[in-house]
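Please examine the sequence and the structure shown below.

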Amino acid sequence: NKYPARVFPGDVLTYPTGTTIAVVAILANIEKFALILFAPYFLELFLKMRSRMQAESFGKLQKDGSLTNRYAKWYSLTHVSISLLRKVKKKSYELEVVFLLLLVELLIAVITAFYFFK
């Protein structure tokens, strides 16, 4: 998934990707490392469960191209990202939301790698 989003990967792409990562983690004996890397996905699951899996994960597009949250509460990491960017910059755009989510995942990966592979 990258900016600009044209297609959502859906189950056809996410299930094989998750399975491949799990198999590699098991074969390489780095299950703990992989589990920590999946932390954002577990958080996403818990946020989704708040809405009983009914809330949409994307923002509401404004006329100026910025994004706002569709809901008063957070039901996705996307909603968290939009809110954080709006507090810092007053507006949030798709590219910034994507980069923020990727940056968080990269930071988790780097910190975890330094911890496990000293």
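With which residue does K89 form a salt bridge? The partner of K89 is E96, and their closest N and O atoms are 2.3 Å apart. This model is predicted, and the distance should be read with that in mind. A salt bridge requires a side-chain nitrogen of Lys or Arg within 4 Å of a carboxyl oxygen of Asp or Glu, so the pair K89 and E96 qualifies. K89 itself is partly exposed, having a relative accessible area of 44%.

By this rule, the structure contains three salt bridges. Another of them joins E56 to R70, whose side chains meet with an N to O distance of 3.3 Å. E56 is located in the loop between α3 (39-50) and β1 (60-61), while R70 is located in the loop between β2 (67-68) and α4 (77-89); the pair therefore ties together parts that lie 14 residues apart in sequence. E56 is partly exposed at 35% relative accessible area, and R70 is likewise partly exposed at 37%.

There is also a salt bridge between K91 and D64, in which the closest N and O atoms are 2.4 Å apart. This pair links distant parts of the chain: K91 belongs to the loop between α4 and α5 (94-116), D64 belongs to the loop between β1 and β2, and the two are 27 residues apart.

Are K91 and D64 buried, exposed or partly exposed? K91 has a relative accessibility of 36% and counts as partly exposed. D64, with a relative accessibility of 39%, counts as partly exposed too.

Notes:
Residues are numbered from 1 along each chain as its sequence is written. This is a predicted model: local features need pLDDT of at least 70, side-chain atom pairs count only at pLDDT 80 or more; totals for chains, interfaces and linings use all residues. Side-chain values use heavy atoms; hydrogens and water are left out. Helices (H or I, at least four residues) and strands (E, at least two) are DSSP runs, numbered from the N terminus. Buried means under 20% relative accessible area, exposed over 50%, partly exposed in between (1.4 Å probe, protein chains only).
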